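Subject: Structure for you to look at

Hello,

Here is the structure I said I would pass on. Please open it first, then read the notes below.

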Amino acid sequence: MQKSWWMPALLIVMMVSLVSSSFQTSTAMGSEYPVVMNGETVVFETAPYQVGSTMMVPLREWAEALGASVQWDSSAHTATAALEGQEWKVTLHSSTTYRNGAPMELEQPATLQDGRMMVPLRAMSEALGYIVKWDSAQKQVLVDSENHFLPQVGSYEKLKSLLASTVEMNMSGGTLQLAESAVAMDSISKAKEASSADFSATNIQVQGVDEGDLVKTDGNYIYQVNGGRIIIAAATPADDLHIVATLDVQDVVQPTEIYVDDSFLIVVGSAPYRIQPQPLNEGKVQIQDLAMPRLSSHTTKAVIYSLENREKPTFVREVELEGGYVASRKIGESFYLVTNQYIDVYAIMNERKPIPAPFYRDTAQSEEPIQIGYEQIKYFPDFSGSSYLHVAGFRLNEEKEPVNVSTYLGAGEQVYASREHLYVTLTQYEEEKPSDAPDTKKKAISSLPVRPLKSTSQVYKFRLDEGKVRYAADGTVPGTPINQFAMDEHNGVFRIATTTGDMWRTDEYTSKNNLYVLDETMSITGQIEGIAPGERIYSVRFMGDKGYMVTFKTVDPLFALDLSDPTSPQVLGALKIPGYSDYLHPYDENHLIGFGKEAVEVTQKDSSGRAIGQPQAYYQGMKVALFDVSDMTQPIELFSETIGDRGTESELLYNHRALLFSKEKNLLAFPVTVAEISEANRKKMDPFSHGDFTFQGAYVYSLDPDNGFQLRGKVTHLTEEDRAKAGQSWYDSRKNVQRILYIGDTLYTLSPSEIRASDLNTLEPIQNVAIPEESGSGY
């Protein structure tokens, strides 16, 4: 009896000693890689081991190292680790775990090793709020809390001292940045085409990471930003197209873009300050008592409405951050918002007036603004500039859950987001000094001091986790990226394409183009430098282990890059053709579509016919091309189409969301304003001549690798009278088509004045609905 009693008891005691984790190398063998937590190497009693790329660690030991508590349910063979409001539940031999009640899949299930539960290190650590990175240089696993990475500002006096160095550097290095960054949000693992339902979605960069736009559809309704309103139209059936709601939001937010899912409408835009100055305390000013407007005159808002009743959307919540809008993303039920807030450095340094810490507002917590304490503000190493970077996140389906706001002394420009991480870049410039000069390089953000200049990009990496945002790492690369498509994350590594130098120079400081690969710690592991000297990057596309880069000065080289080895990326081939591509879009794995401009090369000559200077390129009409990249050593331009002449423009050339593409429907469409030179005048015109306005609306094509571009037709909202009155040029009319989408076999074109439904195959009109101009509109 005693024997049969203590054996099961011993087994239970052994199982209570559980532990877990995940990372890097072979098959069920002891791990040779050390684990470093907050700078200290962890010593385990039960040795971690590897299963494939997953590091398994003892759950209870690792929980103690993280500062978490563990409870064991012997009947269910389940352990629950908890830390600061985070809970992670894991069951022996199960690959499904639960984080705060939500299921998550493990790469490797929890197992027993010498009577102790072994779990994946990465899964457990990240579930409890830590950052896990693989240090490829030192061959070690790094586990850190954000507080270990970044120091806190802590106080107003510390803020002043930090900003003082920025002022000193900018005084001698150039001008101080005096406005918030007005970075346009340009948008794959592969581009998202149609969802499983038969309607189009916004053209986004990363599948599963939604981006805001002027127009959205859920397959039954169409939603449109229209001045200070959101128009909601019932789109099906097409012959009954009609407006069901006009949501006037201009008193709450000036909308710039929207998001839509089955439950919510999110309106993103700017709004004026409503914070009034408060009386100061007598005697010494108490900074935390101040709530006065800053130099930046606006805030950025995300306003959420319930779509339970499309005819009467109801207000749910409002999140407001100080500063100018930089970017936003929606990943599942989580929403993220990024802003830059200018700091009045001179007022602070000259002590003209005390400047309060930033605030945010979250109606889920209070209608009143919430002050962000200096102890909550962190600063990046070697930061420059005079701004706060605010990154906020919240879960849409948790209406009462407070927004998570992280504030950093720094700024943001280009933004790229994967499903797990957010990357924000900041450009810095340094004056090049003679080699024998003392080391007195001075940095200045967005300024142009004495030439030559060397530009670098600081890249900040944040972990995105169910509405929470945590700083993970940062790195530096030479040069500057052109837009978000110059960045990509794939299989745990980050890739970024940049341009250094200046195109106008002909010495060693001329422009060059580069590709860098960084590991999880944001350390460079591989690079290609010096691509196409004298040119600059116009567009980039990453597609898994492949990359494509377009540079331009007088011709358009399309470079094909092999990125399969993160330590040794290679240029495999290049194609040189006239013109350039501003945007590259995957057709399939072996074909790429380029959207840009045709160009001609011109050499100026003197009266004797001798060449003067270097040849110059002059852009002409809009060019669309299909490239065959099945053999990356020899890219081929299969087909090209030129639309109009010099003066032809399309929003697609600077905003990828203007594209409608579906390979399945053999459909390609985009808005375009066409300028053409008449045949009678063509022979008299030179490459500098602009054409006259002839069309504004949607160009609709069929496209496949066998037949190329076949123009199905055009759809315009302009009348013949409008065109007759146009003369040589056109303007930003309410009748300009901005977006095209499809639902089933119906094509919808949208302008601020009209939504029109046309047959997708014939483009014959089915129905249209006029949108009245809003009262008091200054459109």
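Which side chain does a polar contact of 2.8 Å join to that of Thr 78? The side chain is that of Thr 91. A polar contact is a pair of N or O atoms within 3.5 Å; within protein, one must be able to donate a hydrogen and the other to accept it, and residues adjacent in sequence count only if both atoms are side-chain atoms.

This is a predicted model, in which local features need pLDDT of at least 70 and side-chain atom pairs count only at pLDDT 80 or more, while totals for chains, interfaces and linings use all residues. Residues are numbered from 1 along each chain as its sequence is written, and side-chain values use heavy atoms, with hydrogens and water left out.

Thr 78 belongs to strand β7, residues 78-83 (strands are DSSP runs of E, at least two residues, and helices runs of H or I, at least four, numbered from the N terminus). Thr 78 counts as buried because its relative accessibility is 8% (buried is under 20% relative accessible area, exposed over 50%, partly exposed in between, with a 1.4 Å probe and protein chains only).

Helix α2 spans residues 59-66, and its buried residues include Trp 62 and Leu 66. Gly 67 follows α2 and has a positive phi, near 90 degrees.

Asn 100 is partly exposed at 34%, whereas Leu 763 is buried at 11%.

Regards
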